[in-house]
Amino acid sequence: MIAFAVVPVVLATLLIGARGVAALRSTSDFLVASRRVSPTLNAAAVAGEYLSAASFLGTAGLVVKNGVGALWYPVGFTAGYLLMLVLVAAPMRRTGALTVPDFAEARLGSAGLRRFSAVVVLVIAGLYLVPQFTAAGQVLTLVSGTPHWVGIVVAGAAVSVTLALGGMRAATYVQAFQFVLKLLLFIVPAIWLVVAVGAGTRAEALRPAEYTAFPRATEVTFRLDTRLQVREPVTVLAGGVPVRLDPGEHVAPGEATWVFPEGAAVPEIAGAALPGSDTWQHPLLDGGNGHPLLATWSILVATALGTMGLPHVIVRFHTSPDGRAARRTAAITVGLLGSFYVFTVVYGLLGGVLLPELYLSGATDTAVVALPGRVDGGTTGAVFTALLTAGAFAAFLATSLGLLLALAGALAHDLLPGSLRRLRLTALLAAGVIVLFALPAVRIDVGAVVTSAFAVAASTFCPMLVLGIWWRGLTARGAFVGMAVGLASSAGVMALGLLARPDPGLVALLLGQPALFSVPLAFLTMIAVSRRDRPPAGAEAAMLRLHLDERT
Amino acid sequence: MSRQRRVAVTSPQTRVALAARRGVSAVPRSLTGDELRAAARIRRRQLRIAASTLAAAALLLVGLPVLLGVVPVDVRLGPVPVVWIAVALLPYPVLAGLAHWQLLRAERTEGGTERDRGR
């Protein structure tokens with residue numbers, strides 16, 4: 001049944017990819033489809049590329065784990081395109097630069113800045129790609145019991161073959177096709193779920209009861225080592241052996257399976273909200289740090305401002321024929337993404353009611369795929385599971401395709417300029433390296449790592465693009481220092497947070513989600529350093545040119 | 001699908017950058033004084049338009065969480081908590097509307113500079 005779902009997606013991707021081969025001739029064909037893509041087709045491709053595993057599975061999973069406040073994530077993901085439309089889409093396209101590093105050099109005339117930007121592209125694309133491949137493995141493990149590495153290798157092979165054969169020309173059609181596919185595979189099962197669960201569950205989902213006691217004997221397979229706060233003494237079956245747990249902290253080892261008896265009190269986990277509890281129902285993000293408003297704002301800043309700095313998204317705007325078409329593309333994308341994300345809430349709320357035990361196992365990323373089986377144990381449930389798996393796999397493929405292109409572009413176009421053949425080879429090699437990174441990274445949280453990629457993009461490329469387009473005073477040195485500070489205060493601070501593991505509180509919040517201070521810091525540094533320099537003579541004309549409609 | 005004409009894909013600025021690397025100069029035609037003045041005027045107007053859209057977006061993204069932080073979950077519209085509607089559904093039409101508004105005004109500014117000069 002699962003092969004039945006995944007194989008058509010991979011085959012269609014390959015076929016549509018192959019269709020682009022005939023048209024492929026030069027390096028710029030490979031990167032931007034020779035700029036002959038209409039706004040609507042391109043918007044569908046942008047949306048198809050953007051809706052990744054984090055959107056298809058991760059957001060609903062975060063709702064199960066952290067509560068309704070997690071619904072702010074997709075709001076930020078969508079708002080990112082509004083900000084892109086307002087601030088960068090048209091002028092950015094008019095620079096004619098193929099990639100962000102290309103923009104850096106075109107606007108500021110510094111080859112060194114271009115190479116530094118290319119390094120930032122590698123950081124962002126790496127942070128974004130590894131969790132996509134990891135998620136592919138997770139979902140395949142869940143639905144078919146295949147080993148984790150099979151999913152990762154299948155995803156890596158399909159993506160890199162498509163890229164190497166067809167490049168962006170293929171990717172435009174592939175991505176647009178995959179957007180329609182993902183939209184259907186997300187909406188149709190959502191509607192079926194709402195109908196199939198029945199009135200009782202629907203009412204329960206809107207007035208969830210706190211998940212305090214196990215309503216039946218419940219088997220929990222812990223994905224990672226998990227610290228449980230046991231509130232009442234309980235005897236669990238750990239691998240079939242009864243183990244008595246006294247109140248207090250206990251660590252469940254990763255991949256262990258414990259069976260909790262009916263009626264036992266549900267243990268708590270630090271940093272997550274018990275499904276149905278007041279914290280869970282509260283519409284702000286609370287990661288257990290006690291500052292829900294700051295946490296919500298931080299996520300919104302990272303996602304809304306980070307979108308315009310994502311290298312695979314920016315390169316896609318260059319397939320529009322001119323600035324005006326690029327702007328229309330961004331506007332249409334806001335609508336397309338909205339029509340997808342409004343259905344996230346269905347999976348999140350039903351997951352909270354029907355699969356609350358995922359809160360304990362930590363496998364919340366699988367909530368979307370696991371729901372149909374819980375609602376209907378028969379063929380219908382299996383069919384919808386297969387459909388959602390296909391959609392999730394389409395999400396991995398589409399996003400990975402764009403990211404690999406950006407990564408290969410940064411390597412082959414900006415760091416070591418080369419021929420088409422070298423670019424194809426780079427894409428293949430990059431896919432191989434990412435697969436190698438993803439194989440041992442079973443333990444990462446897909447949603448968290450993807451958001452960190454947004455934070456890095458918001459703290460580096462966003463200030464460079466916005467200031468470069470709207471302020472003539474930006475200098476190459478200012479952009480360089482500002483991006484370096486942004487990189488250190490986002491990626492550096494998050495790495496510090498992972499190593500230091502501070503106690504829950506304001507410090508933990510700021511180390512884990514640094515966008516709230518790293519983005520303003522990068523902007524201010526860029527402005528302060530630039531003001532000490534004198535912008536080159538042509539800077540004003542170079543900036544103003546970007547605001548002039550190229551057809552006049 | 002008819003075969004479309006394929007075009008060279010580098011902008012003037014990228015050509016300069018790429019040519020400079022080969023030691024060749026390919027400086028683009030510089031804008032005339034009139035064009036520069038028109039561009040400066042367009043940029044100023046676009047900045048004003050952008051500022052108003054950004055203010056509206058900030059109201060949604062910064063203001064709505066503040067509001068939702070204080071409204072109790074038990075305020076319901078039928079069986080559905082109002083705050084859930086406000087985070088799960090409401091933002092999307094608002095964002096799409098803002099995008100449409102911004103697009104219309106930005107395109108009008110760009111295309112209609114001559115006509116609108118009197119304003």
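Guide: In this predicted model, H5(A) and H14(A) pack with their axes 8 Å apart and at an angle of about 170°, where axes are lines fitted to C-alpha atoms, for helices over the stretch in contact, and angles run from 0 to 180 degrees between N-to-C directions. H5(A) is therefore roughly antiparallel to H14(A), the term for angles over 145 degrees, while those under 35 count as roughly parallel, 65 to 115 as roughly perpendicular and the rest as oblique. The crossing of H5(A) and H14(A) is left-handed, that is, the near helix is turned anticlockwise from the far one by less than a right angle, clockwise being right-handed. Helices here are DSSP runs (H or I, at least four residues), numbered from the N terminus.

On the side of H5(A), the contact is made by A:Pro74, A:Phe77, A:Thr78, A:Tyr81, A:Leu82, A:Met84 and A:Leu85; H14(A) contributes residues including A:Arg327, A:Ala330, A:Val334, A:Leu337 and A:Tyr341. Two residues are in contact if their C-beta atoms, placed from the backbone, lie within 7 Å. By class, this contact has 11 nonpolar, 3 polar and 1 charged residues, with Ala, Val, Leu, Ile, Met, Phe, Trp, Tyr, Cys and Pro counted as nonpolar, Asp, Glu, Lys and Arg as charged, and the others, Gly among them, as polar.

As for confidence, the predictor gives the complex an ipTM of 0.88 and a pTM of 0.88. Chain B has a mean pLDDT of 78, with 68% of its residues at 70 or more; pLDDT is the predictor's confidence in each residue, from 0 to 100. Over residues 1-12 of chain B, pLDDT stays under 50.

Residues are numbered from 1 along each chain as its sequence is written, and chains are lettered from A and ligands numbered from 1 in the order in which they are written. Because the model is predicted, local features need pLDDT of at least 70 and side-chain atom pairs count only at pLDDT 80 or more, whereas totals for chains, interfaces and linings use all residues.

Terms used. Helix = DSSP H or I, 4+ residues; strand = E, 2+ residues; numbered from the N terminus.
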